[in-house]
Structures are given as structure tokens and as C-alpha cells.
Amino acid sequence: MEAEAVLFGIQSAQQAAVFPIIIESDSKEVVDLSLKKKISKTEIEWNIAEIQANLENQNVSSLSYVPRSCNSIAHSIAKITLVSLGQAEAALNAHYYDQTCPQAEKIILDAVRNASMHDPKVPARILRMFFHDCFIRGCDASVLLDSTPQNKAEKDGPPNISVRSFYVIDDAKAELEKACPHTVSCADIIAIAARDVVTMSGGPYWNVLKGRKDGRVSKASETRSLPAPTFNVTQLIQSFAQRGLGVQDLVALSGGHTLGFSHCSSFEARLRNFSSLLDIDPSMDLDFAEKLRSKCPKPNKDRNAGQFLDSTSSAFDNNYYKQLTVGKGVFGSDQSLFGDFRTKWIVESFAIDQGLFFKEFVNSMVKLGNVSIIENGEVRLKCGVVN
């Protein structure tokens, strides 16, 4: 419990951009374990390992032991904070539409299933849409807003050009407006659709918390803050921490790439002239690199050329992690997860145990779905425009 409290304190401070971060704990055991370099893989050590990974971040200045008698005020503040957080999360509810639109989830599933039958790329695009929406302003469907002459919106930002499939959400929304006018938010449609594409592809099912409101602001310039495929682990940890997500969330949510596809532009820098001394990224399997080079020749006239991020691209499974362990990650950011001690052991755990991956992926998806919930939003009538 104390390890969870320490981790929560670190993540909360990072999300609120309160630096430097100085953590005090009245559990000498937690402090001693966290300051050790060795990482155990016992169940209790998941939180300890994540604390260690955060301590590697230069913004976390120290973790020290302080007797409970010296930090009673901090305990009181923590209790108040936890109560407030509980009230905030209570705004989202798995049964939110049970009375007002009981058929909502079926309508969304039908739209997603129909689109996926005609276009096998839909599942990966919907899952990516959810990530990209939540990472910018929280899960507020800002990624769905259309650009105007006065404003270039998120969906037209470089990272979202290939997301497409926005029509799937629009189709679901149109049917929902017929059945339950002005009731189901576009943000909730994305969250439910993301769950549906995972389950349809053989992945886990979970109850999506609902009750989000749609935002009114969308700026293409803000998509620059999305994690890039060239990021190293330190950059990834920092990016996820800004959203209140930890190292375990980072590795689990990266598993969403099991359904992904990438165009050559996102990874071709790893294939040629990687550095002044090396032509190919040394963390990449050489045979795999040659395969990718043949798919992404220079010059390349095929704009659609690229590579699936997982050899079982239509199935939601743990094959993504297995590929990382043998140097077959497509993105540099993905392969870096296996090359850094802070994340390597989690990759190995998920590669061995698909059930564990599914469990942690669900936990992290629920956590991501709770990022920056807005209270003063609206329920859009059409997902592409504000009311």
C-alpha cells in the first residue's frame, strides 16, 4: 500500500508539473527497496520497480525515509486528495447510459463491426484514435473536430493524417442520435469503440467507464506532444508521466501496436545511415532490417509502403513483445523498451504470459480513459463540429 502511495505521489507531481520532486515515506522497507538497483519480479515489486524507473528521471530529486510522527500533515493531505480523486472518477460510470440509452454499446459495436468487415485497417486505426485523443487534452473527442478556415484541428496534424476511419465514429453517432438524441458523447463512442476493436481481434473485454463530455478546442499544433516513434525510454517515461501514467502503463499500452501498421517514413532512419559508424540500427535484427529495406527502397515511389508492427497483425495478442525480444520491433521507440532495464523485464513478462499482458492492458486502458476528464464540455450533435 505504501509503495502505491509513493508511486501515486510521483505520478501526480509529474502530471501537475511540480518540479523538483522530493518524496518522503514512513516505510523504510519501501525506501530501501526503491533505492536498490536490483529489480525483483515478485508481485509486490511491480510498484517498487516503477518507483525505481521514475527515480531515474532527472526531475525526481530524492526519496527518503521519514518517521510517521514527522509527516502526519502529509498523510492528512493525502487522504483529502484521495477522496477528491474518488469523487472525480465517480463522474464516470460503467452504467452511465443504462437508463438514457441502453442500446448505446450495441449500436457502436454494430458500426465498428460493419466497418471492420469492409476495411481490415479499422481496428488499428480506432485504437490509435483513442490513444491520440486522450494524450492531447484528455479523452474529449478533440481528435474528431474538423478544421475550419480559422483553425487547423488535431485530425489534420501530422501524427493523425494516417488515423483516418473517423467515419466509423460518425456513423455510430448518427445512429445514436436517432435512437437517443443528444445523449451519448463522441468521447464515449471512441472509448467504447476502442474496447470493441480489441475484443473483436481476440483481446480482452472490459466494462468501459462512461460519462465523458466532448471538448470544444482542437489544435493541430498540440499533436507535437504525442510520443514519437523515435523516442527513447526516458522520453517515453516523461511523456506518459505528464498524463499520470507510469512505466507499467507505458509498456502495456505500447502493446496496442499488436494491431498496428506503419509507413516507411516512421522507421526508415533505422535502416540506412543510422549513425556515422553504423548503417543499420544495431538493436534491429539484421535479417529483419534487410526485409524492411526491400519494402522501403530508396527512392520509394509507393506512398503506401510500410510494415505491420506485429507479425500477427489482425490478432490482438502478445506477439508484439515476443518480436521485441528478438530485435524485430519496427519503431525505434518500441525496440528501446527491450533495451532499457526499466522496461525490459516488463516486456519479457508480457512476452511469456499473454494473460498478464491482457490484465495490465485493461488496467492501463481504464487509467488512460480517466485522463483529464472535463466537466464543462458538451454532447456534440455531430462529432466533427461543436454545437
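Which pairing do the bonded cysteines of the protein show when numbered in sequence order? I started my notebook with that one, keeping in mind that this is a predicted model.

**Entry 1: disulfides**

I looked up the count and got 4 disulfides. Taking the bonded cysteines in sequence order, I read the pairing as 1-4, 2-3, 5-8, 6-7.

C134 and C139 are joined with their sulfur atoms 2.0 Å apart. I found a torsion of about 115° about the S-S bond of C134 and C139, so this disulfide is right-handed. Both cysteines, C134 and C139, are buried.

C186 is bonded to C383, with 2.1 Å from S to S. This pair links distant parts of the chain, since C186 sits in helix α8 and C383 in the segment after α15 (354-369), 197 residues apart. The S-S torsion of C186 and C383 is about -95°, so I noted a left-handed disulfide. C186 is buried at a relative accessible area of 0%, and C383 is buried at 2%.

C264 pairs with C296 at an S to S distance of 2.0 Å. C264 is in the loop between β3 and α11 and C296 in the loop between α11 and β4 (306-308), so the bond ties together parts 32 residues apart in sequence. With a torsion of about -80° about the S-S bond, the C264 and C296 disulfide is left-handed. I have C264 as buried at 4% relative accessibility and C296 as buried at 0%.

**Entry 2: salt bridges**

My search of the whole structure gave 17 salt bridges. I picked out a few, including the one where the side chains of E105 and R195 meet at 2.6 Å, N to O. E105 belongs to helix α5 (residues 104-118) and R195 to helix α8 (residues 186-200), so the pair ties together parts 90 residues apart in sequence. R195 is buried, with a relative accessible area of 2%, whereas E105 is partly exposed at 25%. I also saw that E105, R195, D196 and K210 are linked in a salt-bridge network.

Next I checked K173 and E177, whose closest N and O atoms are 2.8 Å apart in a salt bridge. They are 4 residues apart in helix α7 (residues 166-179), about one helical turn. K173 is buried at 2%, and E177 is buried at 17%.

Last, I looked at R293 and D279, which form a salt bridge at 3.0 Å, N to O. R293 lies in helix α11 (residues 286-295) and D279 in the loop between β3 (261-263) and α11, so parts 14 residues apart in sequence are tied together. I logged R293 as partly exposed at 21% and D279 as partly exposed at 36%.

Methods: Residues are numbered from 1 along each chain as its sequence is written. This is a predicted model: local features need pLDDT of at least 70, side-chain atom pairs count only at pLDDT 80 or more; totals for chains, interfaces and linings use all residues. Side-chain values use heavy atoms; hydrogens and water are left out. A salt bridge is a side-chain nitrogen of Lys or Arg within 4 Å of a carboxyl oxygen of Asp or Glu. Helices (H or I, at least four residues) and strands (E, at least two) are DSSP runs, numbered from the N terminus. Buried means under 20% relative accessible area, exposed over 50%, partly exposed in between (1.4 Å probe, protein chains only). A disulfide is a pair of cysteine sulfur atoms within 2.5 Å.
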